[in-house]
Structure formats: structure tokens, C-alpha cells
Amino acid sequence: MIKHLPALLIVIPLLVAIITPIIGRLHWVLSWYAVTITTFISFVISLLLLQTVSVQGRISYWMSGWEPPFGIEYSVDYLNAYVLIIVSFMAFAGAIYSRKNIDVEIEDETRKPLFYTIYLLFVTGLLGMVVTGDIFNIYVLLEIASLAGYALIALGKKRQALVAAYNYLVMGTVGATFFLLGVGYLYLMTGTLNIADLAVRLPEFYETKAIFTAFAFIVVGLSIKLAIFPLHFWLPNSYGYAPSVVSAVMAATGAKVAAYVLIRVMYSVFTPAFFTHTPFNIQYIFLLLAVAAILVGSIMALAQTDIKKMLAYSSVGQIGYIVLGIALMNVTGMMGSLIHLLNHALMKGALFFAVGAVVYRTGLCSIENLRGLGKKMPWTMAAFTIAALSMTGIPLTVGFISKWYLAVASIESGMWWLVPIILLSSILTAVYFWRILDNVWLKPAPGEESHEHGHDSHQKPVKSNDAPLSMVIPTFTVAVLCLVFGLFAYAPVSIAEKAALILLK
Amino acid sequence: MIELLAKYNYWIVIILLTTGLYGVMARKNLIKKIIGLNVFQTAVLLFYVSMSKIEGGTAPILLNHGHGPQPVFDNPLPQVLMLTAIVVGISTTAVALTFVTRIYREYGTIEEDQILELNKQND
């Protein structure tokens, strides 16, 4: 049983995804149970995988018993297990949360089981991308996750969601096809698709143009999926118009997995030695894009009035941080990047969850409408505040730890000029979250201003009308985890360090 | 020169790739964009299939149950990979066309500029 865990991680959700619409015909809640239990099982398997990795090192699972370079290999080391835990945990939290959320955001009862089917397929694709050790397999699972993702976005209530999903589909397909083309070049030169085998065979071809072309195609393709500036145009509308639970889960997992694949390609398929053979300096290009993403994302977030779009633009900036750590090419930078993966999954998940709860109660998601909500929805807004503080990188939150490592890594590699940029972006983040926190906690709710001026302003305490428990619990748990990992950072830091050491050996 | 022309299959791949990508970017009609996307994906299929071809190679089938001399055959793996890619391409097209029909129902048009105009009026 333990031996087959890597395969079960994919097989169980895939099979349940087929059953879900059938049992959903009886009652849609059954499909909710199916999805919640399945994602929980995936989470447990991910934890078991991490435990196995820590005992026996890298796991190599041979699909149907075929020996790796010929058959498909599923391989798990610290990096895979770490990303798997993030993805499956956020998928589980999203599944619990979705039950009430889709009541308002997907009203049609007949569509709900289908939502859960697509949701599971999306999770299957993402988990598969992380667990597989075969680069063509990554492409197939990437397309499974992407197609499910397009459909999830199109479920948004406004008609703009359809256009956003269409645009994402076009860009995403171009990106995936670039990836496929790059894989073709790799296969043409080496005759293998296994990542571990590629790493052995590639070095002798590092000088050739074909391998550089392969690298370029793969990285550009992944950059579209990851929404690295300036290829981020699909992202704000997609996250902005999708149902809140979809925005939360996609922001928390989709971009993380794309970042994982980028790390794998740059450090496992290719190695840092390759970057000395390229005709121009790859590291500087990535650093430039990362800095541009951090600044543009933060500035664009400032300009938004819709809170979901603001969070989406802030995602563009946060992805910049992840790319920054990847591009620094040292262990500390990679650690910063990996911790930021966890950090961004938790805080962006919590923020979108909180916004979904607000939409559930008020039906609105512009920043203006948040006035006075601190009293009406104290738990949700407390979660929002914690996540926002983590986003700005206040000490004691996990956001501080990742930014700290990124700053240290910049100084280590002699690029001290990155530190003021990280600081500047933190300040911008603080500014755009302050606008919201000010509205939430300090301003009175609309229609209550008149009482404020009267003498007996405390005549009637505002009735707390928080979101249902099935929404508040996941939101608050995820937000509290931002604090827990900020205070007790040992667990994520030690795993990230081991993963980074393996990558940059 | 002759050497370059002899690899005409790769030239066709490049022409199809750029034509497809141009279609995706330049066309305003949502269906035409999908057609461009299809051409773009087909180019990659052709790329994989043509790299698997060996001069004088036949279909990869074992003769006499694997006994005796075997003919030279093409690499079957890229062809199998492309079967998967074809399925992916079809699914993508299907999902995209579904979106287009629903966009048409909601907006009454499939011209990108008109849709953007309608979105602006709404906001």
C-alpha cells in the first residue's frame, strides 16, 4: 500500500472525479462529500509521502512496473512532497469552503455536481504535475489541470467570466504548446523524456543551439502559465470574475505548481552550469522580469476598486518574489522562494476566502462596500487582516520569513539593490491593504454615519452576522497558519532548505 | 541551400507555427482565433512526427513474432506522444468552442472588439 502511494495520489481523485457527477444526480451534497473526503485523502497521502521521503530519501515509483527511462516514473523528493502538501491542503480547505460559497456564486443546482467534477480534475492535474518524473507527462497533466481551470473560471456569474476564461484558454494553450515544442527539442537531442535521465544526458549538448531553443520554449511556455510579467494579462480578469472559491484555490495552487515546474526545469532538467553556456545572461533577464512584476503588480493593485482584481494584481507581484528567489541561484534564494510558495498559498487563499465570505453576506466585492464590516463579520475580517499583515511582511508572520530570506540571498549574491525594491514593494503592499483595513475596521458601515454624531453612539451594538461556519473555519485556519508558520518557522524552513540543497547540489 | 531545402518538413513546421500564432494574435473573430490555435498545435504534431521518421524506415511492427531479421523501423514513441497531443488539442478546441457559443448567447457577437466595447459600457 505504502509503496503505491505516489500512484494512488493521482488515481483516487481521477476515479472519484468520474463518479462525482453520477452520485451528484441523487443530491449535489453527495458530490461535495466525495470531493472533501478525496482531497483529504490526498492531503494525508502527501504527508505520508513527506514522511517516507524523510526516512528513505527520494521515492521512485515505476508506473506499471516499467523501468524508468522507458516507462513513466513518478518521483518524489523533498521539493515534490512540500509542494504536494501545499496543493492538497489548499484543495481540501477549498473543498470545505466551497459548499456554502457555490450556493451564491453558482446557484444552479444541476451545475453543482459538475463543478465538483471539474474541481477534482483540476486538483488531479496539479498533483500529477508535481508527482510525475516524466516531462511529457507534465505536459499532459498540465493540460488536464488547465482545461479544468478554464471551465472553473467560466463558471463565474458575470458574463465577463466567459471572456476571461476564453482569453486564458488561448494564452494557456499557446503556453502549453510552447512547452510541448520545447520538450520535442529535448527529445530530439537526447532521446529521453525522463527528468532524471535528461539531467544525465543533457550536459554534453549544453553548447548546442537546439538545447537553448528547447530551454527558451519551455521557459516561455511556463512563464505564461505562471503569469510572470509581462505574460500576466490573463490573470487579473480570470481571478477577478471566477467564483471566489475558484480564485482562492487557483491562486493558492495553480501558480504554485507552475512555479514548481519552472524550478524543476531550471534546476533538475537543466543545471546552473547550463546558464554559463547561454548566449545571454538568463539570470539578469529573470531578475529584471521579477523586479518589474513586483513593482507593476503592486502599483496596479493600488489602482483597483474591485477587491478581487486587487488581489489578482497583487498575485502578479507575489509571483515576482517567487521568480526572484529562483533567479538568484543560491540556496538562500531558493529557500526564500520555496517558503514564499507556502506563504503566498496560505495568505492569498485566506484573502480570497474572506472576500468570498463577504460576497456570501453582501453580494458585493468593491472596496467601498467593505465599510464597517469589521463589526459585522469579525472572524472573517480578522482572518483577512492576519493574511494582509503576512502579505506586507510584518515580523511574526510567515511573509516576513520569506522576504527575509530573499533579502539575505540578494545580499549574498552581491545584488544589494534588490533589498530596497523588496522594501518598496512591501510599503506599496501595506498601502493597498491599508485602504481596505481602514474601511473594514475604522469607517462606519453605510447608513450608520448619522449615529456616530449623536451622543448615544453605543445605543445599539452592531449585530454580528458572520459567514457560515463552513466558510469561517477554513478561512480562519488558513490565516492562523500564516501566524503559526511565522512563529514556528522551523518546519517549512528545514524542508525548504533540504529541497534547495538537493536542487542546487 | 539544397541542404536547407531538403529539410522542407521543418520549414513547413515553422511556417505553420508562425501562421497559427499570427492568426491567434491578429484575428478579432473568436472562432478564427481558435482556428489559428489549431494550426499552431498541428505544427507541433508535424514536428514530432517528422522527427520520428528514419530514412527507409517502416511501420514499427515485429515480423514473425520477433524471430529472424527485422526491418529498420521508425521511432514509434513520438507518434504515440502525438496521439495524446491530438486528444488534448481536440479537448481544447471543444472547450473553446463551448465558450464561444456561450459568449455569443450572452453578448450577441463573437467579435472581440465589440465584446470589449460592451464590457466597457457595463463597468
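This is a predicted model: local features need pLDDT of at least 70, side-chain atom pairs count only at pLDDT 80 or more; totals for chains, interfaces and linings use all residues.
Visitor: Why quote an area at all?

Guide: The size of an interface is often given as the accessible area lost when the parts come together.

Visitor: How many salt bridges cross the interface of chain A and chain B?

Guide: Zero, by the rule used here.

Visitor: Then how many are there over all chains?

Guide: Five salt bridges. One of them pairs A:Glu73 with A:Arg58. Their closest N and O atoms are 3.1 Å apart.

Visitor: Where do A:Glu73 and A:Arg58 sit?

Guide: A:Glu73 is in strand E2 of chain A, residues 73-76. A:Arg58 is in the loop between helix H2 (28-56) and strand E1 (59-62) of chain A. The two are 15 residues apart, and the pair links distant parts of the chain.

Visitor: Buried or exposed, that A:Glu73?

Guide: A:Glu73 is buried, because its relative accessibility is 4% and the cut-off for buried is under 20%. A:Arg58 has 42% and counts as partly exposed.

Visitor: Which residue does A:Asp77 form a salt bridge with?

Guide: A:Arg264, with the closest N and O atoms 3.1 Å apart. A:Asp77 lies in the loop between E2 and helix H3 (78-105) of chain A, and A:Arg264 lies in helix H10 (residues 244-269), so the bridge ties together parts 187 residues apart in sequence. Both A:Asp77 and A:Arg264 are buried.

Visitor: Now chain B. Which side chain meets B:Lys33 in a salt bridge?

Guide: That of B:Glu112, at 3.7 Å from N to O. B:Lys33 is in helix H3 (residues 30-52) of chain B, and B:Glu112 is in helix H5 (residues 112-122) of chain B. They are 79 residues apart. B:Lys33 is buried at 7% relative accessible area. B:Glu112 is at 18%, so it also counts as buried, given a cut-off of under 20%.

Visitor: Stay on chain B. Which residues form the nonpolar patch on the surface?

Guide: B:Leu4, B:Tyr8, B:Trp11, B:Ile12, B:Ile14, B:Ile15 and B:Leu46. Together they have about 690 Å² of accessible area.

Visitor: Which helix gives the most to the patch?

Guide: Helix H2 of chain B, residues 8-26, with five residues. B:Ile12 lies in that helix. At 37% relative accessibility, B:Ile12 counts as partly exposed.

Visitor: Why can several residues of one helix point the same way?

Guide: An α-helix has 3.6 residues a turn, so residues three or four places apart point the same way.

Visitor: Change of topic. What span should helix H4 of chain A have?

Guide: Its 21 residues, 111-131, should span 30 Å at 1.5 Å a residue. The end C-alpha atoms are 30 Å apart, which agrees.

Visitor: How many residues of H4(A) are buried?

Guide: 18 of its 21 residues, so H4(A) is mostly covered.

Visitor: Buried or exposed, A:Ala227?

Guide: Buried, with a relative accessible area of 0%.

Visitor: And what phi does A:Leu396 have?

Guide: A positive phi of about 85 degrees, although it is not a glycine. A:Leu396 is in the loop between helix H15 (378-392) and helix H16 (398-412) of chain A. A:Leu396 counts as exposed, at 55% relative accessibility.

Visitor: Last one. Where is A:Pro236 found?

Guide: In helix H9 of chain A, residues 234-241. A:Pro236 is buried at 3% relative accessible area. Leaving aside neighbours within four places in sequence, A:Pro236 is in contact with A:Lys309, A:Ala312 and A:Tyr313.

Key. Residues are numbered from 1 along each chain as its sequence is written. Chains are lettered from A and ligands numbered from 1 in the order in which they are written. Side-chain values use heavy atoms; hydrogens and water are left out. Patches are made of residues with over 30% relative accessible area and no salt bridge: like charges are joined within 9 Å, nonpolar side chains (Val, Leu, Ile, Met, Phe, Trp, Tyr) within 5 Å. Accessible areas come from the Shrake-Rupley method with a 1.4 Å probe; for residues, only the protein chains shown count as cover. A salt bridge is a side-chain nitrogen of Lys or Arg within 4 Å of a carboxyl oxygen of Asp or Glu. Helices (H or I, at least four residues) and strands (E, at least two) are DSSP runs, numbered from the N terminus. Buried means under 20% relative accessible area, exposed over 50%, partly exposed in between (1.4 Å probe, protein chains only). The expected span of a helix is 1.5 Å times one less than its number of residues. Contact means heavy atoms within 4.5 Å.
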